Each structure stands twice: as structure tokens, then as C-alpha cells.
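Hi there,

Here is the structure I promised to pass on.

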Amino acid sequence: ELSLASSEIYVALERAGTWQGELVHTSRDGRKITVLTRWWTRRDSGSTGTNVLEIDTDIRALKYAEAARIHFRSLFESTPGAYLVLTPRAYEIVAASDAYLRTTSRNRSIIGRKLFEVFPDLPNDPTADGVRNLRASLQRVEANRSADAMTVQRYPIQLPTEEGGGWAERYWSPMNSPVFSPTGELIFIVHRVEDVTPFVLAKQREAKEEEAMQILHNRAAHMEAEIVRRTQELLRVNEELRQTEARFHLLADTIPQLAWMAKPDGWIVWYNQRWYDFTGMTPAEMEGWGWQRVHDPKELPRIMEYWKSALEKEEPWEDTFLLRRHDGEFRWHLSRAMPFRDADGRIFLGQCHFVMPTVASCCGLAPTPILPTSCKRKKLPARPIAPKINSLPCYRTSCARHLRQCLRSLAIW
């Protein structure tokens, strides 16, 4: 199944000599297999026909993982409780329920920002302690690895312009709970709040003290039941979050490629386990721009320039370079990144690396193995094709040179 009409693909091959996109293959047993494919054209001297070389990469696992994350995000955002999901230590907001956004008069532009940048203390108020108290609670969650329920907190919030601007008095009943990975690592903190401002203000009004007490009394039984219900709901959401993250990590860590994910500015936020196994690095060493440590310093300026250009243009990226293995040996890799947008319109880059051992072998870095079976040849004659690889339109590019070296490892070469 083609993503474009075959005529459009052939026009692209005729014009540029290459085409890249997603295809759906049907296996012998009838299963559908989604692949990332790239075609190159070549002509044999003395022949009027055109041959096509195709390289496919199975991306079913990445497609499934992406669909699972989108489904879970929709489930979480529609939860009736007011929830935020934060990263440990940095307290960056990675998810927010619709109820939380309504309660705090915010929108999804807060995703990706730091919690205390979005909700600072009231300026010029020496009694303001909301930031200090909330930070202390989050730190207790990290230290004790257990939920932390806070007392009612005074924490004014700044209203948006469309609601009049300025600061609004708010009182909250917060609770912070940890979320662990399958290996026991603290990966998120769920921050749940309930706006109790009406009850606190009612209690503070001396003229309506009796009315306030009656309101609080009538709400006591309801709030007790609500606390139990919300606690059970929080446990359920935590379990669903843990299971979804576990499925995602299992899929991502079992694919044979090195995989990663970046923000729109190029900051790497996630690697799969195979990346750490190959490089021997830790998450702390690789966070952000730490990936530069495992690149050849001589090639790094060129790689950075090409990478930043792709980020600015929001276009697919592909490059071939050496990566340092955990034992200090450099191995050749072909790396690709495809931009995509989530529901909020934010751009992320999901990337899949696959090792090119034949390229490393040709460079004298390792024995020459057999070329991966994902490399398929279409309509090639049963005669030597090495002298004719020079006729590829993109021969002088880095990718063409590596392709030529890959073909040398074939028995028919």
C-alpha cells in the first residue's frame, strides 16, 4: 500500500533520483507491516531500463507506542479531578487535566514549563509561602518515595487578561503522589488540588461566621466521602499511568535500534535502553545535549550544523556518523529523525538509529558481516553491479558512499 499515488513517487524518482516515505507491506500470512522505506534509482550502462534499490525499516513498534501515548493522554486529560503531572527535581509540567486548567484559569501552553514559573508567589507579599510549602512537599515525595498530603494552603494565582488580570485570592487542598517505573525509578509526581477558597473565605467573614460554619458542617460529610473517592481515583490513575509507561518502555527497549526523542529546540528528553547499553552512558550524562560526548569531535561541528538546520525548518533529518561504543570503539550509524505534532501543536522528533556494521567493516573498524535482510534489490541483473554504482545521482553524498560500501559485502558483488 502506497502513501502516495505511484505516479507521484515515480515523478519524484525521476526528478531527484530518490524517494522516502511510509509503506504498508503484506506478509505471507496476511499481516500488515508498516515500514519506513527509501528508494534510489540507477541505470545500467547500455540499458534503457531503470533499476530501483529499496531499504526498509520496520516501524510498527514506534507506531504502536505513539498511538498508546496519545490514547493515554486523552484519557488523563478528561479525568474529572484537577491533576498535574510533573517531572522530579525540575518540576516541569508534562501533562494537565482539563479540570485543573479550568480551576487555575490556564490553558495547555503551560505544558513544558516549570511549575513555579507558571505559579509564582504573590509579588511584594512578605507572608507568601505557597512556593516554599509546595516545593517542600514535592521534595518529601522524592525523599520518602510516598504520597504527601498538605494542609490547606493560601496560594493566590495571577488571572489572564481576558479574566481581568491581577491576582485572585485562592486556597487549595493539595496532595502529591509518586509514580515509579517498572524498575522502581521515580519518573513522575502527580499533583492533585481541590479549590477550597469559598469555604475558607466564608469562615473568615466575621459577619457571616454562623453561615460559614453551617456551610463547613454541611460539607464535612461530603468532603470526607470525596477525599476517599479522589484517593481511589488517584490510585487508579496512577496504576493506568504506570501500566501505559511500562508498555511504552517495553516496546521501545526491545526494538533493535537506538531510539530517542527530542523537544523542538533539540533538547533530548528520552533514550531507549539500547542507547544506554551501546554507549555505556547514564541518563544524567545523556540529558539535553549530552549526546555530543559519544560523537567523533572532528565530525561534531558538521553534525550540529545539519541538526540545527533541520530543527529550524521542521523537516525530516538524516545523517551518517560514528558513535562511540561503551568499550571506546567507534561504530558507524545511519540516523533518521521525523518531526510530528501532538494534539497541542508542539513539535517533537522521534528518532530511530540502526547500526551499519558493513560501513564500519569497510572502514577497517570491524569484520565484514552480512548485509541486513531489510535491504532489498529490485530488477537488478544477475551480473556485477559495483562499477555502475557511480552512476547514482547522489553518489557524491555521504549516504551514497556508505551505500556503495554496504553493497561490497554482498556475495554477488
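Below is what I found, from the whole chain down to single residues.

Please keep in mind that this is a predicted model, in which local features need pLDDT of at least 70 and side-chain atom pairs count only at pLDDT 80 or more, while totals for chains, interfaces and linings use all residues. Residues are numbered from 1 along each chain as its sequence is written, and side-chain values use heavy atoms, with hydrogens and water left out.

**The whole protein**

The secondary structure comes to twelve helices and 17 strands; helices (H or I, at least four residues) and strands (E, at least two) are DSSP runs, numbered from the N terminus. Of the 413 residues, 45% are buried, where buried means under 20% relative accessible area, exposed over 50% and partly exposed in between (1.4 Å probe, protein chains only). Among contacts with a separation of 6 or more, 46% join residues 24 or more positions apart; a contact means heavy atoms within 4.5 Å. The protein exposes about 22,300 Å², and carbon and sulfur atoms supply 54% of that area (Shrake-Rupley method with a 1.4 Å probe; for residues, only the protein chains shown count as cover).

**The cavities**

Rolling a probe the size of a water molecule over the atoms shows where empty space is left. How many cavities of 30 Å³ or more does the structure hold? There are three. A cavity here is a set of points, on a 1 Å grid over the protein atoms alone, where a 1.4 Å probe fits but cannot get out; lining residues have an atom within 4 Å of a point. Grid points are joined across faces, edges and corners, and a volume is the space filled by probe spheres set on the points.

The largest cavity has about 170 Å³ of space. Its lining has 15 residues, and Tyr100, Leu134, Tyr155, Trp172 and His191 lie nearest the centre. At least two lining residues come from each of helix H3 (98–104), helix H4 (115–118), helix H5 (130–144), strand S10 (171–180) and strand S11 (186–195). By type, the lining has eleven nonpolar residues, four polar and no charged (Ala, Val, Leu, Ile, Met, Phe, Trp, Tyr, Cys and Pro count as nonpolar, Asp, Glu, Lys and Arg as charged, and the others, Gly among them, as polar).

Arg336 is found in strand S15 (residues 330–341) and is buried, with a relative accessible area of 8%.

Trp40 sits in strand S2 (residues 32–43) and counts as buried at 4% relative accessibility.

**Two loop residues with positive phi**

Asn124, in the loop between H4 and H5, has a positive phi near 60 degrees, though not a glycine. Asn124 is exposed, at 82% relative accessibility. Arg145, in the loop between H5 and strand S6 (148–149), is not a glycine either and has a positive phi of about 55 degrees. Arg145 counts as partly exposed, at 42%.

Best wishes

Key:
On a 1 Å grid over the protein atoms alone, a cavity is a set of points where a 1.4 Å probe fits but cannot get out, and a pocket is an open set with protein on both sides within 12 Å along at least five of seven lines; lining residues have an atom within 4 Å of a point.
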